Protein chains: 2
Amino acid sequence: MSFKPDNLLEHISLDCVIFGFHANQLKVLLVHMKYSGKWALPGGFIQKNESIETAASRALKERTGLSDIFLKQFRVFSDPGRSILNPAVKDLEEQEGNEHLNWFKQRFISVGLYALVEFSKVDPKPDIFSDVCEWKSLDEIGELMMDHNLIVKKALKTLQAQLSYQPIGFNLMPAQFTMPELQKLYETILGKKLDRRNFQRKILSYKILNKLGERKEGQANKAPFLYEFNLGNYQKALENGLSGGW
Amino acid sequence: MSFKPDNLLEHISLDCVIFGFHANQLKVLLVHMKYSGKWALPGGFIQKNESIETAASRALKERTGLSDIFLKQFRVFSDPGRSILNPAVKDLEEQEGNEHLNWFKQRFISVGLYALVEFSKVDPKPDIFSDVCEWKSLDEIGELMMDHNLIVKKALKTLQAQLSYQPIGFNLMPAQFTMPELQKLYETILGKKLDRRNFQRKILSYKILNKLGERKEGQANKAPFLYEFNLGNYQKALENGLSGGW
DNA sequence: ATATTATTGTGTCTTATTGACACAAAGTTT
DNA sequence: AAACTTTGTGTCAATAAGACACAATAATAT
């Protein structure tokens, strides 16, 4: 077993909600636990010399193979009842060499982090605890381990709120994309339809897009323009916020 | 000594940033550590059957005498270097019966919570670790213990952001107040002047205030109207947000 | 080839919101 | 009584947001 609890902070764990966007659907990266048969968020523990964010990056890499992901903490989940029925313990019981089992039976407080990643860049790989690691669209998610359904719900709410005061999309879209594609991302996160013309006007007013002369071809209609994010302005908008407010 | 680490989660602490408003200044509640002579945020630890929020309410009561405060978590502080120089350890060393000293020398990850309270309702009282507990206006705060300056800074930023999408003030103002008083609160939090007429128009548009017929007298000028918060609408606005965005 | 179909690009009008700005009224001080 | 301070209040211009329609393009069907 690869965990060495001696080097880990007790009582603290972290869970990552990794959002991707594909086929006009918002997806979350989940792992399927080998023995308990439950789906869960990829998570982990914190080493004695790590910050939460560093630990989350490392854990995400271990669980799913993903690296260079910018993870942002959004909330601590600390309800005393949240881990009473931790099915991960069952997975551990079935493994040989479970001398650390009691460590995992502790009560854990978990820090929730989320990230947005470009779907196509991800090649998820399961680790020793899980037999599958894959994207699930939001409405396909069934009952997850422990309070992970709640964690996903709160992450989505955070994402929706973020949309109102910060640009989003750089990490969720391919390098080049069309306006309708970007609009579908917004519509999916918000869960509602937006007017095509007003969306374009608003997003262009932020000056975070470069219009490319080229067009995408192959569909049965007029070819849409391609856009890319203007990194400089995108960063500025991230820092300054978009508008609204006092 | 009143701490019983046996019953506490290891490695996890919490710190409370309590904002108050008085004499046109935004204030923060601080405690002064007996032996190390450092000022610090009132904080505490988490018992095995508590959520973070419950623990924070209890700790705040123990440290300052404050009760019935709604505390909201805003961030986890987990930099590995944050507690290397924890001066609280010095305070503990000077106390008799420090059999738990090593427990406090651990590395801690701290959950930051903040709250807004009505200044006049507070009667701060120091506890066994501190000899003073009092309000400090933001520009009077010197160097605090550990990373507490950073925690205050991030709490203030959270508060400023919250101002843009939620009503604020119910917990910071007395039951009845004038429009200029409320405006000063907003100006203080934001750190900038606002136009008197535009402020009034905007805040009234939220429908969260009741105008009272009475007036306040005694100042050398025209008597301003009194207002109170309309609790029903205030709650609604808290839930739905104020506007702006998609 | 021609028509059909689906989807895109684009602009205007109306309404709501924001920002800038000035004077009269009231109560206190001199 | 005059001066002073701070309050209450409204309008105009600029900007942002919401509703809405038609022409252009590229594949597909006939």
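**Notebook: chains A and B**

I began with chain A and found seven helices and 10 strands. Both kinds are DSSP runs numbered from the N terminus, helices being H or I with at least four residues and strands E with at least two. I am working with a predicted model, where local features need pLDDT of at least 70, side-chain atom pairs count only at pLDDT 80 or more, and totals for chains, interfaces and linings use all residues. Residues are numbered from 1 along each chain as written, chains are lettered from A and ligands numbered from 1 in the order written, and side-chain values use heavy atoms, without hydrogens and water.

Next, I looked up the overall extent of chain A: its C-alpha atoms fill a box of roughly 60 × 45 × 30 Å along the principal axes. Of its 246 residues, 52% are buried (under 20% relative accessible area, with a 1.4 Å probe and protein chains only).

Then I turned to contacts (heavy atoms within 4.5 Å). In chain A, 72% of those with a separation of 6 or more join residues 24 or more positions apart.

My last stop was a sheet in chain B. Three strands form an open, antiparallel sheet in the order E8-E10-E9; two strands pair if DSSP finds at least two bridges between them. Strands E8 (177-178) and E9 (209-215) of chain B are at the edges with a single partner strand each, so one side of each has no neighbour in the sheet. I followed E9(B) to E10 (residues 225-229) of chain B and found five bridges in the antiparallel sense. Which residue in E10(B) is the bridge partner of B:Arg215? I found B:Phe225 there.

Key:
Buried means under 20% relative accessible area, exposed over 50%, partly exposed in between (1.4 Å probe, protein chains only).
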